[in-house]
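This briefing covers salt bridges in one structure. Pairs are grouped by where their partners lie.

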Number of protein chains: 2
Amino acid sequence: MKEHDMEITLTTTKKEKPKSDQLEFGKVFTDHMFIMDYTEGSGWHDPRIVPYQSITLEPSAMIFHYGQSVFEGMKAYYTDDKDMVLFRPEKNFQRLNKSNDRLCIPEVDIDFALAALKKLIVIDKEWIPDAEGTSLYIRPFIISTEPYLGVSPSSRYKFIIIMSPVGSYYKEGIHPVKIAVEKEFVRAVVGGTGTAKTGGNYASSLKAQKVSEENGYSQVLWLDGVEKKYIEEVGSMNVFFKIDGEVVTPALNGSILDGVTRSSIIEMLEHWNIPVSQRKISMEEVYQAHQEGKLEEAFGTGTAAVISPIGEFFWNDEKLILNEGKTGELSTKLYNTITRIQTGKEEDQLGWITHVEEKVTQE
Amino acid sequence: MKEHDMEITLTTTKKEKPKSDQLEFGKVFTDHMFIMDYTEGSGWHDPRIVPYQSITLEPSAMIFHYGQSVFEGMKAYYTDDKDMVLFRPEKNFQRLNKSNDRLCIPEVDIDFALAALKKLIVIDKEWIPDAEGTSLYIRPFIISTEPYLGVSPSSRYKFIIIMSPVGSYYKEGIHPVKIAVEKEFVRAVVGGTGTAKTGGNYASSLKAQKVSEENGYSQVLWLDGVEKKYIEEVGSMNVFFKIDGEVVTPALNGSILDGVTRSSIIEMLEHWNIPVSQRKISMEEVYQAHQEGKLEEAFGTGTAAVISPIGEFFWNDEKLILNEGKTGELSTKLYNTITRIQTGKEEDQLGWITHVEEKVTQE
Ligand SMILES: Cc1ncc(COP(=O)(O)O)c(C=O)c1O
Ligand SMILES: Cc1ncc(COP(=O)(O)O)c(C=O)c1O
C-alpha cells in the first residue's frame, strides 16, 4: 500500500476553530480523519482521508462486547518558524504494533501509517494551534468490527486517526500534583495487558481514579498486582524519583507501559551524565528516602503533560510532602528542555523531531 | 421508568429465519432490539424497542478508546408445551449492576430491564428455535458513548439488548474437551476487573486462547495471577473437580466471575446431598489427585454449554487424561437435570425458571 493509493475527500463545510485560550483536551476535532479497513484475506485496504464523521457499526460489532482495541497518543507542534513537527512518531507506531500483537490485531505498516498521518496533518494544518504550550493531539486507534458474538479475534478492523487541538497542560506554569498510592485496585499484572495501550487497562483504572479524586488527589500511583509493594506508574504517566542524586524509574517489567516520554527522559539524563537507573523500586524505599531527606524530586512523564512534578504522595494514611510541594530543579530543566526541543527553540541533538513536510532546501 | 413508558416501533420487513439445524452462535440476530440512553443529569431515558439496526457513534466515543463497557449473556427457551422461559434472569441483571459498579457505569433498574427483555422476547418470539438443544441467546450490554478523549467515566451510555437464535452446543451429544493450563498469560488478578463481565477481560484472553487452539486445545485453564498456582476458571466457564467423592470449585476470590451456572450447580449438588466445597484449589492438588486415581471428573460450567466435561488437562508438558476421556456420570446427570429444567421437562424445584408471559390460569 503506497501513499498515492490513498483517496482524499475534502470537506465542503469547514468547522469553526476554537480560540487558542479556550482549548479543552479531546473535545473538538479537526475537519478530517484518516480511516482504513482490514478484512481477513485482504489485509488492510481502502486507506482514505475523509471529512470528520461518525462511524456506523452493527450492535454485534466485537468492539462493543469484547474490547479488542488499541490506541496511541501523540502530538504535532508548530515550531517558532512555523514548521510542523512531530515528536518521535515512529515510536508510537512501533508501540501500536506491540499492542496489536498482544491483542491479536493485525499489524499496520509503520511507514505507511506515518505517511498517512503527515498527509492528514498537512490537510488540517490550520488546526494546529500556535499559542505557547498548545499543540495538536493525535489519536490513532484500531477497533474490532466483525458482527459476531464469539470470543475470538475479529476478522475485521478499522484503523482511524482523529486529531484535536489542545491547550497548554499548565495554564499557570508547571506545578506539582498530589498523588494517592493505590492500595485496593490493580491496573495490570505481568501476563496481562499492562504493556499494551488497550481500552481495558483504562476502563479498569476508572474506579481507583474516581475514589482518589473524591479524596482530593489528582491521580493514583499504581503498585504491582502481585505483592502490592513495587511502584509501577502514575495514572497515564510513567514515574521517576530523584533519590540522593540518582534518578530511578521502574524497569519495564511486563506490566507497565513503555512510555515515549519515559525513554526520552532516560536518554536525556544519560546525555547530561546524570545517573539514571531502571530497576524495581518499592514504595517502602521511597518512604525511607523521604524520611532520611534523600527524596529530592518525583515526577510523572507522558505525552499530555510532558513532565508532571509530584508535590505529595498519600500512602498508608501518611502524607509525604516533596520539595516543600514545589516543582524541583530537575523537573523544571527536563520540562523546559523537552518542550523547547518540541517547538524548535532548542537544537534537536538526540534526533527526536520529525518534520511533517519535507523542507525545501534553499540555495 | 415504567414498562408502559416504552416506545415500540415494529419492523416492516421481517428477516428470514435460519433453519433450526443451521444455527451458528451469535451471527444472526432477531428483528428487534431494545435500547435506552443515559445522560448525566437525566439518568436512563427513552427506553424503546426498535427494528434491529446499526449504531452510529462519533469516532471519539469513549467505547472506542477506553473500553468502559459491560455485558451479560443468558438464554430463553421454549418448554415442550410452548411456554417461553428464562433461566434465573434476575441473577444476570444483578451481575450486570455489579459489573457496572466496578466500571463506574450507572446502574440499571433490574425490574425494568427484565420487563423490557420480556417484552422484546414476546415481540420476537418466532425467533426462539424449538429443536432439541436450541435456544435464543440474549445479549444485554452497555457502552460508553460520550465523545471525549479524557480518561474518566463517560457522561453518556447506551444500554442495548440484542438476541440471536443459537443451535445446540453439543451437536453430537455432550462430549469432553481438552484444556491447556495457561502458564504465561493471566486473565485477571484480585484488585482488577475479573469479577466483572467487561470487554477488557475477554480482549486480554484472546492471545492465550489462540496459542492453545494452535496446540489442539479448545480452551485454557487460567491460574491466579499472583502465584500462578491456584485454579481460577476455564475460558468463559467456571470449573469444578470431583475428587474422591467431593466436588470442589474455586471460591469467589475477587478475580473470577460469579457464574449463574456455577451457583446453580452448587445449589443442585447441595440439594442432592453431594458434598461440594468452594475453596482454593491448586493445579498441583489436581495433579496429585489424578496420580492417586482420585480425580473422578472435571467440568466447566456456563450459559453456553451448561456443562462442558473435561477429558484432558495439559500441564507442565504432561497430559492428564480424565475418566478415560469420557463424560463422567456426575457431569451427565447435572447436564441432563439442568437442561430438562430449562425446557420444562423436569420440575423446577429450586425456583429457577421465569416465565416470559404471565400464565393465564384456566379453571
Ligand atoms: C498507562 C500509561 N502510562 C504511561 C504513559 C506515558 O506514555 P507516553 O510518554 O508515550 O505518552 C501513558 C500515556 O500514553 C499511559 O497511558
Ligand atoms: C469469564 C467467564 N467465566 C464464567 C462464565 C460462566 O458464567 P455463567 O454461568 O453465568 O454463564 C462466563 C460466561 O458468562 C464467563 O465469561
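**Salt bridges in a predicted model**

A network of salt bridges links A:Lys14, A:Lys17 and A:Glu126. The model is a predicted one. Over all chains, the count comes to 38 salt bridges.

**Between chains**

- A:Asp101 and B:Lys207 form a salt bridge through their side chains, with an N to O distance of 2.8 Å.
- This pair crosses between chains: A:Asp101 belongs to helix α2 (residues 89–102) of chain A, and B:Lys207 to helix α4 (residues 199–214) of chain B.
- A:Asp101 has 48% relative accessibility and therefore counts as partly exposed.
- B:Lys207 has a relative accessible area of 19%, so this residue is buried, the cut-off for buried being under 20%.

**Between strands of chain B**

- B:Asp37 and B:Arg48 are joined by a salt bridge, and their closest N and O atoms are 2.9 Å apart.
- The pair links distant parts of the chain, 11 residues apart, with B:Asp37 in strand β2 (residues 32–39) and B:Arg48 in strand β3 (residues 43–51), both of chain B.
- B:Asp37 counts as buried because its relative accessibility is 13%.
- B:Arg48 counts as partly exposed at 21% relative accessibility, since the partly exposed class begins where buried, under 20%, ends.

**A further pair in chain B**

- A salt bridge also connects the side chains of B:Glu292 and B:Lys294, at 3.4 Å from N to O.
- B:Glu292 is partly exposed, with 49% relative accessibility.
- B:Lys294 is partly exposed as well, with a relative accessible area of 33%.

Terms used: Residues numbered from 1 in each chain as written. Chains lettered and ligands numbered in written order. Predicted model: local features only at pLDDT ≥ 70, side-chain atom pairs only at ≥ 80, totals over all residues. Heavy atoms only, no water. Salt bridge = Lys/Arg side-chain N within 4 Å of Asp/Glu carboxyl O. Helix = DSSP H or I, 4+ residues; strand = E, 2+ residues; numbered from the N terminus. Buried < 20%, exposed > 50% of the residue type's maximum accessible area, 1.4 Å probe, protein only.
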